[in-house]
Amino acid sequence: MNTNKITIVGSIIIIILIISIPTIYKVVMIHHNNLYRVVEEKIIEQAKKCRNDGVCLNETITLKELYQNNYLDKVSDPVTKEYYNEESYLKIENDKYEFIVKE
């Protein structure tokens, strides 16, 4: 009887771990992706504003340009909290903006 109880409790704990660990991992990854998306949208929005004002006319806009023209304050990686390199840039093709991070 005692061995059966231990087996049942152990099985329940293993089942809970098998279900909860991947679920927690997926929730954390979705949260990180959402954080990155928000920061990227903020940078793209300011780059569009800079471009519409006629200040940033190149096909690539660096963060340094946005900082110098006061369109953006220092931006940091939302997960690691480190500031992005000023040489990171936005690549513009056919009115589509892509943020590229330089290490």
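Me: Glu-59: buried, exposed or partly exposed?
Reply: Glu-59 is partly exposed, at a relative accessible area of 46%. Buried is under 20%, exposed over 50%, partly exposed in between (1.4 Å probe, protein chains only).

Me: What does the Glu-59 side chain pair with in a salt bridge?
Reply: Arg-51, at 3.5 Å, N to O. A salt bridge here is a side-chain nitrogen of Lys or Arg within 4 Å of a carboxyl oxygen of Asp or Glu. Arg-51 is partly exposed too, at 22%.

Me: Before I go on, what are the ground rules?
Reply: The model is predicted: local features need pLDDT of at least 70, side-chain atom pairs need 80 or more, and totals for chains, interfaces and linings use all residues. Numbering starts from 1 along each chain as its sequence is written, and side-chain values use heavy atoms, without hydrogens or water.

Me: How many salt bridges in the whole structure?
Reply: Four. Among them is Glu-86 with Lys-74, closest N and O atoms 3.6 Å apart. Those two sit 12 residues apart, both in the loop between helix H2 (63–68) and strand E2 (89–93).

Me: New topic. What's the fold pattern along the sequence?
Reply: It reads α-β-α-β-β. Helices (H or I, at least four residues) and strands (E, at least two) are DSSP runs, numbered from the N terminus.

Me: Why call the chain more spread out than a compact globule?
Reply: Its radius of gyration is 23 Å, well over the 13 Å that the globule rule gives for 103 residues. The radius is taken over C-alpha atoms, and the rule is 2.2 Å times the number of residues to the power 0.38.
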